[in-house]
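Q: Take me through the labels on this model, and say what backs each of them up.

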Amino acid sequence: MSLHVIVGHGPAGAATARLLAEQGHTVRVVTRSGRPTEPGIEHLALDATDTARLTEAARGAAAIHSCAAPPLPRWTADWPPLHTSLLATAEATGAVLVMLGNLYGYGPVDGPLTEDLPLAAPGPKGRLRASLWEQARALHEAGRIRAVEVRASDFFGPGVTDGGHLAGRVVPRLLAGKPVSVLGDPDAPHSWTYLPDVARTLAEAATDERAWGRAWHAPTAPAVPVRRMVDLLAAEAGVAPVPVRRLHPTVFALAALVTPLLRELRETRYQFDHPFVVDAAAWEAAFSTRPTPLDTQLRATLTWWRDRPAARPGR
């Protein structure tokens, strides 16, 4: 088995670290603050923008997994130095750079999202996400690094909290019988990528050279509107359905004036105003990871939330 270095310990980084450790790999997680060592997982405190220290931490690694996620308001400031350090470390160590990406780079499109669409996002965060992959791909094609990007839709599942559109703003409220407010059209089809499937895709992409050199969409279950997902969660939880209300655009605009996260989400609001459907057929035709059945996703997510002390109170 091999050494895998995980940069970032948010929901995706933590899930990927646990999975790789379960598979028998040696896992080293890099974060600014560090954490107590877990069985099979070493936690290392260092600033990943420090290329010399990151290179030393990744020496001998088979793969470096880029799972860090700077706060949305700081993307344009924090992503470039972090990504520059990751690229330099991948080149210095020879480790495969496995990038966890998202779908911002495409911008608004008509029809399902496929990997062959142009990266034509008009907004700054979308252009930034596109540029990160374009830099990595250029170095890969020049033979200087080996890189792959796995793009996921909105995360759903155990471990996803305030950052998920079907997480902290939804599950505790429906468990408490309270109405849920959502962005955009609650009846528009929307793709939700299950977090454990993201981890399995990153692990497979790291170890199969057929994946390298291009971007892939993580296997994702068929699109389900947010209202339907809330109803399914309520049914699985054994509670009465709750009202699902669209956050009025005026209310959203006023809230965005004082809430940095909402202000940043204005750029990608289109993902909830219209159908937003991910096509992962390319990955599924070539590799083994498949989306977890939706009923299993729902059950595991609710079990995880109910095991948390903060699950019951509505917010």
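A: Let's start with the side chains of Thr 289 and Glu 204, which make a polar contact at 2.5 Å. Keep in mind that this is a predicted model, where local features need pLDDT of at least 70, side-chain atom pairs count only at pLDDT 80 or more, and totals for chains, interfaces and linings use all residues. Residues are numbered from 1 along each chain as its sequence is written, and side-chain values use heavy atoms, with hydrogens and water left out.

Q: What makes the Thr 289 to Glu 204 pair a polar contact?
A: The term needs a pair of N or O atoms within 3.5 Å; within protein, one must be able to donate a hydrogen and the other to accept it, and residues adjacent in sequence count only if both atoms are side-chain atoms. The pair here is at 2.5 Å, so it is inside the 3.5 Å cut-off.

Q: Is Thr 289 buried or exposed, and how do you know?
A: Its relative accessible area is 4%. Buried means under 20%, exposed over 50%, and partly exposed in between (1.4 Å probe, protein chains only), so Thr 289 counts as buried. Thr 289 sits in the loop between α11 (281-286) and α12 (294-306). Leaving out residues up to four places away in sequence, Thr 289 touches several residues, including Asp 197, Arg 200 and Trp 283; contact means heavy atoms within 4.5 Å.

Q: And what about Gln 271, buried or exposed?
A: Buried again, with a relative accessible area of 4%. Gln 271 lies in helix α10 (residues 270-273), and helices here are DSSP runs of H or I with at least four residues, strands are E runs of at least two, and both are numbered from the N terminus. Apart from neighbours within four places in sequence, Gln 271 is in contact with Tyr 104, Asp 154, His 190 and Phe 276.

Q: Why is β1 called largely enclosed?
A: Five of the five residues of β1 are buried, so the rest of the structure largely encloses it. Leu 3, Val 5 and Val 7 point one way from β1, while His 4 and Ile 6 point the other way. In a regular strand, side chains alternate between the two faces of the sheet.

Q: How do you know that β1 and β2 pair?
A: Pairing takes at least two bridges found by DSSP, and β1 and β2 have five, in the parallel sense. From β1 the chain crosses through helix α1 (residues 11-22) to β2, a right-handed β-α-β crossover. Right-handed means that, with the strands pointing away from the viewer, the path from the first strand over the helix to the second runs clockwise.

Q: What makes β4 and β5 a pair?
A: They share four bridges, in the parallel sense, against the at least two that the term asks for. Ser 66 stands opposite Met 99 in β5. The crossover from β4 through helix α3 (residues 75-93) to β5 is right-handed. β4 also pairs with β1 in the parallel sense over four bridges, where His 65 is the bridge partner of Ile 6.
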